[in-house]
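Q: I would like to learn how to read a structure slowly, one feature at a time. Could you take me through this one?

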Amino acid sequence: MHLMLHIFKKDVRRLWWGVAIALLIQIAAAWFDAVEDVAVPLHDLLMVTWAVLLALAVHEDPLVGDRQFWLTRPARWRVLLGSKLLFALAVVHVPSFGPISWCWRRADFVPGNGWRAF
Amino acid sequence: MDALRDLTIEVPEGSVYALVGPNGAGKTTAMKTLLNIHQPTSGRAEVLGVDSRSLGAEQFARIGYVSENQQMPEWMKVGYFLSYCREFYPEWHDEDAAELVRLFDLPLDRKLRHLSRGMRMKAALASSLAYRPKLILLDEPFSGLDVLVREQLIESVLDRTPDATVFLSSHDLGEIESFASHIAYLHEGRLLFAEEMASLSARFREIEVTLGEPAGLPDGLPDTWLIPEQSGVVAGFVDSRFDSDRHRADIQRFFPGARAVTERVMPLRAIILAVSKAAQPAKRVRPRSEVMPCI
């Protein structure tokens, strides 16, 4: 777990600009959806940004080839895979909760209420 | 096509073992097989008592690897690179890392991509010596480096990890001769010899025989006499199994009219050149299974 976090932190340090851009696009998309109610293709742009960001994160420690730095370090592929999944979770999934819950609040939607209706 | 064939080497613990050979001989493949980057199609390699195919984090924490063509995280600054590597090794010694940084004069605030080749190798070496590995694998670590940097790298490896086993591949024969305890020679994926440096030096002699009158080289010369040639009254060859007692009798047998015989101790470079030359022409006339001279 320690190494997984260590590699994750390295990826964030390397790709902080991409993470920042994705966050800005996400905030802008939520703003236009909830406040302005204007259709702008920011969601598509966000998808592309996430895809590029995740690809860059994976390529930080490339899987293909026999000259990679990580191959001879004491971190095996499970640790590496875990760090990349953690990156996806932290950069794509966790930030999505903020704008989603904000949109829900503005629409007076409480997820628990739907269950209670049943 | 096999990259390596019939390769059997045992690297004694604590030795400095040099693997030499021309480009494409299989040195890097051998190194990568030891590190489980490549898996052997047959045969096996054992590293630190473990089959190379089963090497895990525990073993890699005791192996230092530096290669001339390893992809480094070029965007990292040297300081961050070392602190990034630090977390991977339970046995990392900060004082060793600091000492290596000072010794190599590494600029901690410069990115790896902005360093010269020599400095990059030094950074890689610092990141591989600071945890005092038991086994150090160096793949062409000196190629393209100036003499001073080479000297510095060799000294730091030998001085800082006196108990470690060092296995290195190199073209730099002159450099290797000064510090390697063992040497193996690869040619087209095959091992031509593997032995202690002292015994190699002891058994190779450059022989020059001055004859009474010009005559062609006799037939049936021993296979251990490499690259025999004659020019006028002087015949010469490299004896790869030199034995001073037997030597005189053999010379008398093949060159009965010899007026003078000189034996010269050969530097490593000359030995390797002789072995390479001896291995090459045979390839053109005989099938592969028979090409290797008796070395």
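The dialogue below goes from the chains to the sheets, the domains and the core.

A: Before we start, residues are numbered from 1 along each chain as its sequence is written, while chains are lettered from A and ligands numbered from 1 in the order in which they are written. This is a predicted model, in which local features need pLDDT of at least 70 and side-chain atom pairs count only at pLDDT 80 or more, whereas totals for chains, interfaces and linings use all residues.

Q: How many helices and strands does chain A have?
A: Helices (H or I, at least four residues) and strands (E, at least two) are DSSP runs, numbered from the N terminus. Chain A has 5 helices and 0 strands, and its pattern along the sequence is α-α-α-α-α.

Q: What share of the residues in chain A is buried?
A: A residue is buried if 20 or more other C-beta atoms lie within 10 Å of its own, exposed if 12 or fewer, and partly exposed in between, with the C-beta atoms placed from the backbone. Of the 118 residues in chain A, 22% are buried.

Q: How many residues of chain A are in contact with chain B?
A: Two residues are in contact if their C-beta atoms, placed from the backbone, lie within 7 Å. By that rule, 14 residues of chain A are in contact with 20 residues of chain B. The side of chain A that touches chain B has 5 nonpolar, 3 polar and 6 charged residues, where Ala, Val, Leu, Ile, Met, Phe, Trp, Tyr, Cys and Pro count as nonpolar, Asp, Glu, Lys and Arg as charged, and the others, Gly among them, as polar.

Q: In what order do the strands of the open sheet in chain B stand?
A: Strands of a sheet pair through backbone hydrogen bonds, either parallel or antiparallel, and two strands are taken to pair if DSSP finds at least two bridges between them. In chain B, 6 strands form an open sheet in the order β4-β5-β6-β1-β7-β8, with mixed pairing. Because β4 (63-67) and β8 (190-196) of chain B stand at the edges with a single partner strand each, one side of each is left without a neighbour in the sheet. Within the sheet, β1 (residues 16-20) and β6 (residues 165-169) of chain B pair in the parallel sense over 4 bridges, and B:Tyr17 has B:Phe167 in β6(B) as its bridge partner.

Q: Which strands does β9 of chain B pair with?
A: Strand β9 (residues 205-211) of chain B runs antiparallel to β11 (residues 234-239) of chain B, joined by 6 bridges, and it also pairs in the antiparallel sense with β12 (residues 258-265) of chain B over 7 bridges. B:Thr210 stands opposite B:Val234 in β11(B) and opposite B:Ala260 in β12(B).

Q: Which residues touch the most other members of the largest nonpolar core?
A: A nonpolar core is a set of buried Ala, Val, Leu, Ile, Met, Phe, Trp, Tyr and Cys residues joined through C-beta atoms within 7 Å. The largest has 90 residues, of which B:Leu19, B:Ala126, B:Leu137, B:Val166 and B:Ile183 touch the most other members. Both domains of chain B give residues to this core, so it lies between them.

Definitions and conventions: Domains from an automatic or database assignment.
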